[in-house]
Amino acid sequence: MLTRLTIGAILLAATPLAWSHPHSFIDMQATLVHKDNQLTGLKMHWVMDEITSADLLYDAGEAKPGSVVWKKLAAQVMANVLGQHYFSEFWHEGKAVKFDNLPPEYSLSREGHKAVLDFILPLGEPRPLAGQRYTFSTFDPSYFVDMYYDSEKSLHIPPELAKQCQFSLHTPKPNASMQAYALSLDKADAPPEDMDLGQQFAQTVTLTCQ
C-alpha cells in the first residue's frame, strides 16, 4: 500500500530538494494548547493541495478514517515532519525554545481531494503564559513547499484564554530581486543550503499574553 507514497519527493522531504520555487502548498491553522495557565504546545492543522495529496489519497483508497491504512500513512508523513524539526522555529526572549521529540497525538485524514495532517507540536517543557511574548514560524527551508496561514483567522486562542492572549501574523515582503531569484530556480538549480531561502518568505506568528 505504501509503494506509491513519494512523500519525500512531493512533500516535506528530509533531504535538499532539486528545485525551490513552490511546487506544493500547505494551508495551515494553529491553536494554542495549554495546561494550568502554561503553554504546552500548538495544535497544527495542515491541509495539503490536491496535487500534493494525490499519492497519499491513492494509497489510502477507500480505507475508513482511523483504519490501519491511515495510521501507517500518518506515521510516514509524521516521520518526515519530525525529521525536519516540525518545520518550525519557536522563540522566547531571543532564545530558541526546544520541542519534544514526539507529538502526543497525530492523524491523517481526507477532506475532499485534499489530505489533512493534524498533530500537536509539543514544547519540550511547559512555558508561562501570563505577561509573556512568543514568536514562531513554520516553513520549508528550501521553499519547495509554501506553508502559509491565510490570515489571523487561521490562528486560534481557546475561549478561556481569549481575554488574556492574542495572536498576530506578520507576512514578509521580500524585495523584488529575492522574489525574482526564487521564481527563477528550476529543476536544474537549487539555492545554497545556508541561504535558507524559505525563511525569507516565512510568516511570523506572535503570541502575546497579559
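A contact here means heavy atoms within 4.5 Å. Keep that in mind for the exercises below, which work through a predicted model.

**Exercise 1. Get an overview of the chain: what share of the contacts with a separation of 6 or more comes from residues 24 or more positions apart?**

Solution. Start with the parts list: the chain has five helices and 11 strands. Next, look at the contacts with a separation of 6 or more; residues 24 or more positions apart account for 73% of them. Then check burial: of the 210 residues, 45% are buried.

**Exercise 2. Sort the residues of strand 10 by face: which are on the covered one and which on the uncovered one?**

Solution. Take the covered face to begin with: Cys-165, Phe-167 and Leu-169 belong there. The uncovered face has Gln-166, Ser-168 and His-170.

**Exercise 3. Walk along helix 2: what happens at its start, which of its residues are buried, and what follows it?**

Solution. At the start, a side-chain oxygen of Asp-49 comes to within 3.0 Å of the backbone nitrogen of Ile-51. Along residues 50-60, the buried ones are Thr-52, Ser-53, Asp-55, Leu-56, Leu-57, Asp-59 and Ala-60. To make sense of the spacing, recall that an α-helix has 3.6 residues a turn, so residues three or four places apart point the same way. After the helix comes Gly-61, with a positive phi near 55°.

**Exercise 4. Track down the salt bridge: which residue does Glu-105 pair with?**

Solution. The cut-off is a Lys or Arg side-chain nitrogen within 4 Å of an Asp or Glu carboxyl oxygen, and the count comes to one. The partner is Lys-43, with the closest N and O atoms 3.5 Å apart. Now place both ends: Glu-105 is in the loop between strand 4 (95-96) and strand 5 (106-111), and Lys-43 is in strand 2 (residues 38-48), so the pair ties together parts 62 residues apart in sequence.

Definitions and conventions:
Residues numbered from 1 in each chain as written. Predicted model: local features only at pLDDT ≥ 70, side-chain atom pairs only at ≥ 80, totals over all residues. Heavy atoms only, no water. Buried < 20%, exposed > 50% of the residue type's maximum accessible area, 1.4 Å probe, protein only. Helix = DSSP H or I, 4+ residues; strand = E, 2+ residues; numbered from the N terminus. Polar contact = N/O pair within 3.5 Å; in protein donor to acceptor, adjacent residues only side chain to side chain.
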